[in-house]
Each structure stands twice: as structure tokens, then as C-alpha cells.
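Here are my notes on this one, jotted down while going through the model.

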Amino acid sequence: MDIRLLRYFIAVAHEQNISAAAKSLHITQPTLSRQLSDLEEALNTALFIRGNRKITLTEEGLFLLSKAKEIVELVDKTEANFNQPEALISGEIYIGGGETEAISFIADTLKDLKKDYPSIQFHLYSGNAEDIAEKLESGLLDFGIVIEPTDKQKYEFIQLPARDVWGVLMRNDSPLAHKTSIQPTDLLDKPLMISRQTTVDNELSGWFGTHIQNLNITGTYNLIYNASVMAEAGLGYVISIDKLINTSGKSQLCFKPLNPQLTAGLNIVWKKNQVFSNAAKKFLEKIRENIENNNQK
């Protein structure tokens, strides 16, 4: 399958119109139509539903779109790390992770790296543990920042000098807002919002002493900011990690840690036998250097 055809396919899916897509690709409409027909013939399936003014994707087309984007992104990522002057350390680094205060350590490392190698570029991807693992496996990410516990059998990893503290995000006028910490019995009858991650479910089940399914789960979240908006609207208590939402000043929210305390270590992971670009190698060296410096403090 020609990478050029995949780029054409993505453009048509985005524009939903062959004329507009042809214009954006700087080719003629008949040429683009012929290429798309060749692609459908090669795959022996219909990818488009052709209307008078708008083109939509079939179920097979939607599947191909998701894979085509990954393939093109991986090709672009690979080419970007080759098309650099030999005498210059440059290139791109792809890092994925969930919402955690540990990103500040990564930010400091990238800042130090950019001082030495200003031509290096970095790309951040936010997602949960499952998203990060999938993109690491497909080669779309060089590194992932994951919260413990995680299966590190297939990864190389370095433990980061940070720990996340779990607690409850709630409105200032909530019945539990006066407490200094939150115990399992405080939440058994409360509407809860929890992170959509299997590993988090297991940790919280251990803390509660009962399976998550036995609790009053009113909702789940992927991004803590969106969950904080729900909490501010009074939709429930958000079980999250600390220092991600500003609860100072005029904020209507407060954060209370869990008791007994529940914390989680953080690791930066990468695939075993990973072949790194020069930029990624320098990033890994700088991570190790900064961790060593932090341990000596």
C-alpha cells in the first residue's frame, strides 16, 4: 500500500469532498478520483459513500482512516529523525503520559536538553495507561510516563523521583470539605467519579476494601480538568491525584488526601530493544543525569 495513497485518502476523509481534497493536495480531481478507486480495488472493499455534495466513510473506511493516520504519523516521525544535518544533534522526541505532577520533572529535563541542543523538538501526548501502551507498541511514542502499578515486563524503565498522592476533589461546601483527610467509610454512600483506568480500579478497590463496582460510581473521566468541572457543578466527588487542579484563591473546589494514605510511584518506560533517534538518546541521558543529581540533594 503506497503511503501517498494513504495521504490522499486521509485528505478526502478530512475534506469530505473530492474537489476540495484535490485542491489541498495540488492534484487534479480526475487523478484523485482514479487513485481512490485504485485503493478501493486493491483492498477489495468500498471505503466511501459518495453523495452529491459530501463524501462519508463506510465502516471499513473508518477503520482504514484510524490505521492510515498511525502509519503516516510513524513514517513522518521516522523521516524527521533522518532528515537532519549530520553535524547537528537534532530530531524529534515523542512522549506520552497521563496527568501527573511528574510532568514537571520531564519539563525541567526538556528545558535542560534544549539549552544544549536547541534544534531538538518534542511532542507530548496525553492519555491513559492503555492509550500510552498502545502507542508505545506501535512506535508512535518513544517514551511513556506511567503510574504504578504497571506491567513492566515488556519495557525498560526508570523510576522517576516523584510520587502521586491520591485524594478527593470536591466543592468547598460539600459535607466532607471540613475534614482534613478522607476515609473509605466517608465515601461509601457518596456519588463518585473515578479515572477510567484498570490499574487505578485495582488500587482503589484495595483502599476501599471492596470492588469498585460496589460503590456509587456516578461517572468516569479521562482528563481531570473536565472532571473538576463536573465536581464544581455538584455532580459528585472526584477521586484523583493531587496538584493537578488549582484549589487556591477563589476556587470553589478543595482537595483532601485519602486516609490511609494512597500514593503511587511513577516510571518513564520504553520498549525493550528500542532503537532510538539521536534526540531520544540525548533525552534519556539527560533524564538519568537529572535523576542522579536529584538523588544527591
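Before the points, one cut-off to keep in mind: a residue is called buried under 20% relative accessible area, exposed over 50%, and partly exposed in between. Also, please remember that this is a predicted model.

1. Let's start with a helix pair. Helix α5 (residues 103–116) and helix α10 (residues 278–295) have axes that come within 9 Å and cross at roughly 120°. Angles from 65 to 115 degrees would count as roughly perpendicular and those over 145 as roughly antiparallel, so α5 and α10 are oblique to each other. The hand of the α5 and α10 crossing is right-handed.

2. Who touches whom here? On the α5 side, the contact is made by Phe105, Ile106, Asp108, Thr109, Leu110, Asp112, Leu113 and Asp116; from α10 come Lys282, Phe283, Lys286, Ile287, Asn290 and Ile291. Sorted by class, the contact of α5 with α10 has seven nonpolar, five charged and two polar residues.

3. Two of those contact residues, Asp116 and Lys286, deserve a point of their own. Their side chains meet in a salt bridge, 3.3 Å from N to O. Asp116 sits in helix α5 and Lys286 in helix α10, so the pair ties together parts that are 170 residues apart in sequence. Is Lys286 buried or exposed? Lys286 counts as buried because its relative accessibility is 11%, which is under the 20% limit. Asp116, at 46%, counts as partly exposed.

4. Lys286 has another partner. Glu289 forms a salt bridge with Lys286, with the closest N and O atoms 3.7 Å apart. Both Glu289 and Lys286 lie in helix α10, three residues apart, or about one turn of the helix. Glu289 counts as partly exposed, with 39% relative accessibility. Put together, Asp116, Lys286 and Glu289 are linked in a network of salt bridges.

5. How many salt bridges does the structure hold? The count is nine. One more to look at is Glu40 with Arg50, whose side chains meet at 3.1 Å, N to O. This pair links distant parts of the chain, with Glu40 in helix α3 and Arg50 in strand β1, 10 residues apart. Glu40 is buried, at 13% relative accessible area, whereas Arg50 is partly exposed, at 44%.

6. Now the backbone. Most residues other than glycine have a negative phi, and most peptide bonds are trans. With that in mind, check Asn44, a residue other than glycine with a positive phi near 55°. Asn44 is in the loop between α3 (29–43) and β1 (48–50), and it counts as exposed because its relative accessibility is 70%.

7. Lys243 belongs on the list as well: its phi is positive, near 70°, and it is not a glycine. Where is Lys243 placed? Look in the loop between β9 (237–241) and β10. Lys243 is exposed, with a relative accessible area of 57%.

8. Last, a peptide bond to inspect. Asn259 and Pro260 are joined by a cis peptide bond, with omega about 10°. Pro260 has its place in the loop between β10 (253–257) and β11 (263–271).

Conventions. Residues are numbered from 1 along each chain as its sequence is written. This is a predicted model: local features need pLDDT of at least 70, side-chain atom pairs count only at pLDDT 80 or more; totals for chains, interfaces and linings use all residues. Side-chain values use heavy atoms; hydrogens and water are left out. Axes are lines fitted to C-alpha atoms, for helices over the stretch in contact, and angles run from 0 to 180 degrees between N-to-C directions. Helices (H or I, at least four residues) and strands (E, at least two) are DSSP runs, numbered from the N terminus. Angles under 35 degrees count as roughly parallel, over 145 as roughly antiparallel, 65 to 115 as roughly perpendicular and the rest as oblique. A crossing is left-handed if the near helix is turned anticlockwise from the far one by less than a right angle, and right-handed if clockwise. Contact means heavy atoms within 4.5 Å. Ala, Val, Leu, Ile, Met, Phe, Trp, Tyr, Cys and Pro count as nonpolar, Asp, Glu, Lys and Arg as charged, and the others, Gly among them, as polar. Buried means under 20% relative accessible area, exposed over 50%, partly exposed in between (1.4 Å probe, protein chains only). A salt bridge is a side-chain nitrogen of Lys or Arg within 4 Å of a carboxyl oxygen of Asp or Glu.
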